[in-house]
Amino acid sequence: MTTITCDMCKTTIEEASRYVNYFTIRDLDVCKPCKKQFDRDIQDAIEEKRPYTLKLHMNTMWSNMARACGRE
Ligand SMILES: [Zn+2]
């Protein structure tokens, strides 16, 4: 059985299955509830920044993800 620790909320995910109950973003593992919340937060953060570009989206996503996981 594979267990993964979510880098955001530090919860242990039992029977971890990538893209089913957890997600890997760069070297960070994030559980499903955190990913959902993060997606909502990032949407809000992106909407405040105009003009929208994919590069901006990616940069904002990574920096927010790193901060949420205490990597900053
Ligand atoms: Zn989590």
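This report describes the fold, helix packing, core and backbone of a predicted model.

## Overall architecture

The protein contains 2 helices and 4 strands. Read from the N terminus, the order of these elements is β-β-β-β-α-α. Along the principal axes, the C-alpha atoms occupy a box of roughly 45 × 25 × 15 Å.

Of the 72 residues in the protein, 12% are buried. Among contacts with a separation of 6 or more, 24% join residues 24 or more positions apart.

## Packing of the two helices

Two packed helices are described by the angle between their axes and the distance between the axes. Helix 1 covers residues 32-47 and helix 2 covers residues 54-68; the angle between them is about 130 degrees, and their axes are 10 Å apart. Angles over 145 degrees would count as roughly antiparallel and those from 65 to 115 as roughly perpendicular, so helix 1 and helix 2 are oblique to each other. Their crossing is right-handed.

On the helix 1 side, the contact is made by Phe38, Asp41, Ile42, Ala45 and Ile46, which meet His57, Thr60, Met61, Asn64, Met65 and Ala68 of helix 2. By residue class, this contact has 7 nonpolar, 3 polar and 1 charged.

## The nonpolar core

In soluble globular proteins, nonpolar side chains tend to be buried together. The largest nonpolar core in this model consists of 8 residues: Cys6, Met8, Tyr22, Val30, Cys31, Cys34, Met65 and Cys69.

Met65 belongs both to this core and to the contact of helix 1 with helix 2. Met65 lies in helix 2 and counts as buried because it has 21 C-beta neighbours inside 10 Å, where 20 or more are required. Apart from residues up to four places away in sequence, Met65 touches Ile25, Leu28 and Phe38. Cys69, another member of the core, is in contact with Asp7, Met8 and Leu28 when neighbours within four places in sequence are left aside.

## Surroundings of Asp7

Asp7 sits in the loop between strand 1 (4-5) and strand 2 (12-13). Asp7 is classed as buried because 21 C-beta neighbours fall inside 10 Å. Beyond its neighbours within four places in sequence, Asp7 contacts Leu28, Asp29, Val30 and Cys69.

Asp7 and Asp27 are 20 residues apart in sequence and 9.5 Å apart in space. Met65 is 58 residues from Asp7 along the chain, and their C-alpha atoms are separated by 9.6 Å.

## Positive phi values

Most residues other than glycine have a negative phi. Tyr19 has a positive phi of about 70 degrees although it is not a glycine. Tyr19 is located in the loop between strand 2 and strand 3 (22-25). With 9 C-beta neighbours inside 10 Å, Tyr19 counts as exposed, the limit being 12 or fewer.

Arg26 also has a positive phi, near 55 degrees, and is likewise a residue other than glycine. The loop between strand 3 and strand 4 (28-31) holds Arg26. Arg26 is exposed because 9 other C-beta atoms lie within 10 Å.

Note on methods
Residues numbered from 1 in each chain as written. Predicted model: local features only at pLDDT ≥ 70, side-chain atom pairs only at ≥ 80, totals over all residues. Axes fitted to C-alpha atoms, helices over the stretch in contact; angles between N-to-C directions. Parallel < 35°, antiparallel > 145°, perpendicular 65-115°, else oblique. Left-handed = near helix turned anticlockwise from the far one by under 90°. Contact = placed C-beta atoms within 7 Å. Nonpolar A, V, L, I, M, F, W, Y, C, P; charged D, E, K, R; others polar. Core = buried A, V, L, I, M, F, W, Y, C linked by C-beta atoms within 7 Å.
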